[in-house]
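This briefing walks through a protein model by topic, from a hairpin to a ligand shell. Please keep the sequence and the structure at hand while reading.

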Amino acid sequence: MTTVDRRYDLSHQEFIEKYQNTGTPVILENATDAWGRDKMFTPDFFRKNFGDRTTTFATEQYSISEILDLTEKSTLENPAPYPVKFNILKQLPELLSYFDPLHMNLCTPNWLKAKALKNKLSNGMDLHIGGVGNAYEIHKDTYHVHAWLIQLYGEKEIIVFPREQQELMYPGKSGLLASRSPINIMNPDYEKYPNFKNATPIKSIIKAGEVFYIPSGVWHTTKAYGQNISTIMDQMNSTNFKAWRNDVYSYKAYYDKKRAMIDYLAASCICAGCKIADKIGIKIE
Ligand SMILES: O=C(O)CCC(=O)C(=O)O
Ligand SMILES: [Fe+2]
């Protein structure tokens with residue numbers, strides 16, 4: 001993989017066969033057409049409807065309006081705080097009615113939508129507002145979910161790394177740290193992390209309305225060159241449930257082995273139920 005495919009009008013079946021089953025990233029140029037909300041999610045829209053909603057980041061409280069002001073003025077030398085996360089399901093639930101159908105006819109089946117998992121584990125949906133100079137950490141997603149990065153406003157650079165380059169990221173030894181890199185993408189310290197020089201990041205810029213599908217286990221990060229707003233939706237189904245279930249166990253086992261075993265068994269039962277639902281055509285979305 002040296003570039004990420006850009007696809008327009010990709011069918012669900014081809015998405016599954018060509019991208020989800022093979023663990024290949026893809027940009028879905030018009031996936032959000034399913035919502036019929038073209039160019040709706042502007043900073044003004046968020047200011048007007050949700051401006052006073054607040055969240056906490058590094059012990060500071062910020063409202064959506066404040067973050068919009070800060071990201072508008074953000075510079076390379078003096079970047080806005082990032083990533084200030086607003087949990088859509090908890091802090092802006094009304095926004096969900098604009099994202100209908102949430103799965104855009106592509107992000108399905110999604111076993112994370114099973115009732116038994118509601119508000120549990122990696123089931124959040126974060127809103128990210130960024131500006132010039134903002135970048136994310138280099139990581140792969142916890143719980144090995146597939147991630148759907150949905151660009152709502154402006155542009156963002158998404159950087160993915162070929163799977164075989166995991167060791168070049170200098171991941172931590174175990175638990176959550178094993179999916180995090182200490183390298184700063186804006187200014188990599190090649191003396192400390194010389195092997196990162198051999199990494200071959202694959203860069204794409206997505207714009208409002210486009211979706212970047214990041215398959216389970218793919219290392220990635222982002223950079224912003226202007227004000228932008230996006231959200232992330234997680235997906236788990238037959239293609240990644242084993243890795244998801246292993247993470248359910250191992251993150252918990254770090255604190256409590258017995259509890260971890262119970263959660264592992266519960267996760268197994270839920271997945272078995274979802275698998276049957278898929279087989280007989282009951283939709284979990
Ligand atoms: O939107 C971004 O900057 C990256 C988000 C991301 O990768 C994540 O939430 O896991
Ligand atoms: Fe991520």
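Predicted model: local features only at pLDDT ≥ 70, side-chain atom pairs only at ≥ 80, totals over all residues.

**The hairpin of strand 3 and strand 4**

- Strand 3, covering residues 54–57, and strand 4, covering residues 60–63, run antiparallel and are joined by four bridges.
- Two residues lie between the strands of this hairpin, and within the hairpin A58 takes a positive phi near 50°.

- Three strands, in the order 9-8-11, make up an open sheet whose pairing is antiparallel.
- Because strand 9 (202–207) and strand 11 stand at the edges with a single partner strand each, one side of each has no neighbour in the sheet.
- From one strand to the next, the twist averages 25°.
- Strand 8, residues 155–160, runs antiparallel to strand 9 and is joined to it by six bridges, and E157 stands opposite I205 of strand 9.

**Helix 2 and helix 3**

- Helix 2 (residues 43–50) packs against helix 3 (residues 64–72) at an angle of about 155°, and their axes are 9 Å apart.
- Since angles over 145 degrees count as roughly antiparallel, helix 2 and helix 3 are therefore roughly antiparallel to each other.
- The two helices, helix 2 and helix 3, cross in a left-handed manner, and their contact is made by P43, F46, R47 and F50 on the side of helix 2 and by I64, S65 and L68 on the side of helix 3.
- Sorted by class, the contact of helix 2 with helix 3 comprises five nonpolar residues, one polar residue and one charged residue.

**Helix 5 and helix 6**

- Helix 5 (residues 241–253) and helix 6 (residues 257–280) have axes 7 Å apart and pack at an angle of about 160°, so that helix 5 and helix 6 are likewise described as roughly antiparallel to each other.
- Helix 5 passes helix 6 in a right-handed crossing, with a contact to which helix 5 contributes F241, R245, V248, Y249, K252 and A253, while helix 6 contributes residues including K257, R259, D263, Y264 and C271.
- The contact of helix 5 with helix 6 holds eight nonpolar, one polar and five charged residues.

**The loop between helix 4 and strand 6**

- P101 lies in the loop between helix 4 (88–91) and strand 6, and the peptide bond that joins D100 to P101 is cis, with omega of about 5°.
- P109 is also found in the loop between helix 4 and strand 6, and the bond from T108 to P109 is cis as well, with omega near 0°.
- M104, which is found in the loop between helix 4 and strand 6, has a positive phi of about 55° although M104 is not a glycine.

**The shell around ligand 1**

- Ligand 1 is surrounded by P83, D126, H128, Y136, D141, A147, L149, H220, T222, S230 and I232.
- By class, the shell around ligand 1 divides into five nonpolar, four polar and two charged residues.

Technical notes
Residues numbered from 1 in each chain as written. Chains lettered and ligands numbered in written order. Near = placed C-beta within 6 Å. Nonpolar A, V, L, I, M, F, W, Y, C, P; charged D, E, K, R; others polar. Axes fitted to C-alpha atoms, helices over the stretch in contact; angles between N-to-C directions. Parallel < 35°, antiparallel > 145°, perpendicular 65-115°, else oblique. Left-handed = near helix turned anticlockwise from the far one by under 90°. Contact = placed C-beta atoms within 7 Å. Pairing = 2+ DSSP bridges.
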